Amino acid sequence: QVALVESGGGLVQAGDSLRISCTASGPTLMTMAWFRQAPGKEREFVASMSWGGGKTFYGDSVKGRFTITRDNDANSIYLQMNNLKPNDTALYYCAAGPRSNDYVPNYSNWGQGTQVTVSS
């Protein structure tokens, strides 16, 4: 079971862009994904990408603004976030699982999260 470590979070203003990263401790042939969780809310699906990149999905609230990419040679995935809004504020988690979808139980490996805060 690989360990996942997120990085790159921070405090930005509405309309800004930010890229966060997740690096696995070793190679993974699994789908990797981003979820987020704001205080008092359920964990929300953001995006997922299969190992080969052929199956990529986004949550409705981020479509057209966020882009997921992955570099398998670096055991990493990235989330480019553009036109950030205050309601994007959350703890962003990286996850790995067998299928590219929005189903939380599909994902067996989780990172500790990186905080993204968007001020108005």
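This is a short tour of the structure, stop by stop, with something to select at each one.

**Before you start**

You are looking at a predicted model, where local features need pLDDT of at least 70, side-chain atom pairs count only at pLDDT 80 or more, and totals for chains, interfaces and linings use all residues. Residues are numbered from 1 along each chain as its sequence is written, and side-chain values use heavy atoms, with hydrogens and water left out.

**Stop 1: the disulfide**

A disulfide is a covalent bond between the sulfur atoms of two cysteines. Here the term is applied to a pair of cysteine sulfur atoms within 2.5 Å, and the structure holds 1 of them. The sulfur atoms of C22 and C94 sit 2.1 Å apart. The pair ties together distant parts of the chain, with C22 in strand β3 (residues 18-24) and C94 in strand β9 (residues 90-97), 72 residues apart. Strands, by the way, are DSSP runs of E with at least two residues, numbered from the N terminus. Look along the S-S bond and you'll find a left-handed link, at -75°.

Are these two cysteines buried or exposed? Both C22 and C94 are buried. On this tour, buried means under 20% relative accessible area, exposed means over 50%, and partly exposed is in between, using a 1.4 Å probe and protein chains only.

**Stop 2: T28**

Now pick T28, in the loop between β3 and β4 (31-37). T28 counts as buried because its relative accessibility is 8%. Follow its side chain and you'll see it reach the backbone nitrogen of M30 at 3.1 Å. Leaving aside neighbours within four places in sequence, T28 is in contact with W51 and R70; contact here means heavy atoms within 4.5 Å.

**Stop 3: S100**

Next comes S100, in the loop between β9 and β10 (109-110). S100 has 13% relative accessibility, so it counts as buried. Which side chain does the side chain of S100 make a polar contact with? The partner is S48, at 2.8 Å. A polar contact is a pair of N or O atoms within 3.5 Å; within protein, one must be able to donate a hydrogen and the other to accept it, and residues adjacent in sequence count only if both atoms are side-chain atoms.

**Stop 4: two asparagines**

Most residues other than glycine have a negative phi. N75 is not a glycine, yet its phi is positive, at about 55°. You'll find N75 in the loop between β7 (66-71) and β8 (76-81), and it counts as buried because its relative accessibility is 18%. N83, also not a glycine, has a positive phi of about 50°. The loop between β8 and β9 holds N83, which counts as partly exposed because its relative accessibility is 43%.

**Stop 5**

Head to L11 in strand β2 (residues 10-13). At 65% relative accessibility, L11 counts as exposed. L11 touches T117 and S119, not counting residues up to four places away in sequence.

Then select S7, in strand β1 (residues 4-7). S7 is partly exposed, with a relative accessible area of 38%. Setting aside neighbours within four places in sequence, S7 is in contact with I20, S21 and T114.

**Stop 6: the largest pocket**

Finish by selecting the lining of the largest pocket: R36, Q37, A38, K41, E42, E44, S61, P86, N87, D88, T89 and A90. On a 1 Å grid over the protein atoms alone, a pocket is an open set of points where a 1.4 Å probe fits, with protein on both sides within 12 Å along at least five of seven lines; lining residues have an atom within 4 Å of a point. The volume of the largest pocket is about 160 Å³, meaning the space filled by probe spheres set on the points, which are joined across faces, edges and corners.

Color the lining by class and you get 3 nonpolar, 4 polar and 5 charged residues. Ala, Val, Leu, Ile, Met, Phe, Trp, Tyr, Cys and Pro count as nonpolar, Asp, Glu, Lys and Arg as charged, and the others, Gly among them, as polar.

Conventions:
Helix = DSSP H or I, 4+ residues; strand = E, 2+ residues; numbered from the N terminus.
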